[in-house]
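Visitor: I would like a close look at one part of this chain, please. Start with one residue, then walk me through its surroundings and the rest.

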Amino acid sequence: MTSGIMLSDNMGASKDAMDEEGNAAADLGLVARIRESFDSLTATEREAAQFILGHLTDVLVCNSVELSQLSGISQPTLSRLYRKLGYANAGEFRRDVRRVHRPGSPELSRHTQCDDLVADHLRRDEESLKRTFEGIDRAQLSSACQAMATAPHVAVVGYRSSYPVALHMREQLMRLRGNVDILPNPGQSIGEDLVDYAAGDVIVIIGVGRRLPFFSRLIDVMLERGLTVVVIGDISARNAVIGRNVAFFKVVLNSHVLTSFTAAFALMVDEVGKCLVDTEDEVHARIEGINDCFDALDELED
């Protein structure tokens with residue numbers, strides 16, 4: 001399998017980068033620089049370059065230590081790569097990336113030659129799940145799910161690409177317990193619904209991909225009202241939760257031409273079910289009641 005890249009070549013580079021003749025090397029964007037330098041890179045540097053092209057969001061929001069841990073590539077190797085690409089330092093490199101990429105936008109790295117696209121996609125999903133689950137704080141997970149299992153009301157909130165994740169989570173939780181809402185309702189604002197939530201309730205806010213500007217304010221308002229706040233988001237949501245008393249679960253998205261949200265879908269519901277083991281008979285009765293409603297309405301095919 002040979003890795004390539006399908007990003008535009010007109011991506012701007014740092015104006016501070018200078019070539020040997022003192023001219024601005026900024027004429028070459030990141031992708032063009034990697035293409036021109038690829039044959040001269042060591043095997044490890046090539047691996048680093050390919051990782052960067054497929055994880056531009058991580059490059060923007062991670063510091064050098066975090067990026068090294070995330071990629072499995074040493075900091076000295078990353079530093080050598082930046083210099084070989086014509087950047088004076090990591091900060092200059094990130095400024096160039098920032099000009100062409102915004103967190104949540106498709107990271108258009110793709111394999112130009114791939115013998116088995118299905119196997120490649122499976123590998124990416126397996127990697128995102130593995131990295132997501134490795135980062136879970138088990139004690140925090142147990143505490144958050146216990147709160148979701150016992151709270152009087154639970155709201156699951158998602159906007160844009162986070163809405164399907166929120167909707168799926170709500171539907172799964174509804175099989176285990178009642179009083180679970182999906183917010184916002186289509187075409188509606190959210191304030192009319194949130195006013196009914198109070199201390200003791202739980203709000204789960206999904207923040208994967210691009211988020212609306214008031215994402216952080218939504219968290220703050222819910223904390224001010226005394227709710228337990230759970231945030232499920234990718235690494236770019238980290239700044240919205242730093243310093244706030246929330247349970248944050250970072251998901252590692254499978255970003256390719258389009259983004260797979262498998263890791264985000266896979267969190268929490270099973271753990272909530274485990275927290276309800278003492279009321280297992282009630283849960284089974286609820287599921288049977290749901291099935292009876294389906295039958296009475298003839299709502300689902302046999």
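Visitor: Where is the place of Asp298?

Guide: Happy to show you. Asp298 sits in the segment after α15 (280-297); helices here are DSSP runs of H or I with at least four residues, strands are E runs of at least two, and both are numbered from the N terminus.

A word on the basis of all this: the model is predicted, so local features need pLDDT of at least 70 and side-chain atom pairs count only at pLDDT 80 or more, while totals for chains, interfaces and linings use all residues. Residues are numbered from 1 along each chain as its sequence is written, and side-chain values use heavy atoms, with hydrogens and water left out.

Back to Asp298. Its backbone has a positive phi of about 55 degrees, although Asp298 is not a glycine. Most residues other than glycine have a negative phi, and most peptide bonds are trans. Asp298 is exposed, with a relative accessible area of 63%; exposed means over 50%, buried means under 20%, and partly exposed lies in between (1.4 Å probe, protein chains only).

Asn179 also has a positive phi of about 55 degrees without being a glycine. You will find Asn179 in the loop between α9 (162-174) and β4, where it is partly exposed, with a relative accessible area of 47%. The peptide bond from Leu183 to Pro184 is cis, with omega near -5 degrees.

Not counting residues up to four places away in sequence, Leu194 touches Leu183, Ile203, Leu218, Met222 and Arg225, where contact means heavy atoms within 4.5 Å. Leu183, met above at the cis bond, is therefore one of the contacts of Leu194 under that cut-off. Leu194 and Ala155 are 39 residues apart in sequence, and their C-alpha atoms are 8.6 Å apart in space.

Leaving aside neighbours within four places in sequence, Ala144 is in contact with Val230, Ala247, Phe249 and Met268. In space, Ala144 lies 8.7 Å from Val272, C-alpha to C-alpha, although 128 residues separate them in sequence.

In helix α7 (residues 117-134), look at Arg131. At 17% relative accessibility, Arg131 counts as buried. With neighbours within four places set aside, Arg131 is in contact with His55, Asp58, Leu70 and Val252.

Helix α1 (residues 30-37) is mostly covered, with six of its eight residues buried: Leu30, Val31, Ala32, Arg33, Ile34 and Ser37. The axes of α1 and α2 (residues 43-54) come within 11 Å and cross at roughly 160 degrees; axes are lines fitted to C-alpha atoms, for helices over the stretch in contact, and angles run from 0 to 180 degrees between N-to-C directions. The two helices are therefore roughly antiparallel, since angles over 145 degrees count as such, with under 35 roughly parallel, 65 to 115 roughly perpendicular and the rest oblique. Leu30, Val31 and Ile34 of α1 meet Ala49, Ile52 and Leu53 of α2. That contact divides into six nonpolar residues, no polar and no charged; Ala, Val, Leu, Ile, Met, Phe, Trp, Tyr, Cys and Pro count as nonpolar, Asp, Glu, Lys and Arg as charged, and the others, Gly among them, as polar.

Helix α2 also packs against α5 (residues 75-84): their axes come within 10 Å and cross at roughly 80 degrees, so the pair is roughly perpendicular. From α2, Thr44, Glu45, Ala48, Ala49 and Ile52 take part, and from α5, Thr77, Leu78, Arg80, Leu81, Tyr82 and Lys84. The residues of this contact divide into six nonpolar, two polar and three charged.

Finally, the whole chain. It has 15 helices and nine strands, and buried residues make up 44% of its 302 residues. Among contacts with a separation of 6 or more, 69% join residues 24 or more positions apart.
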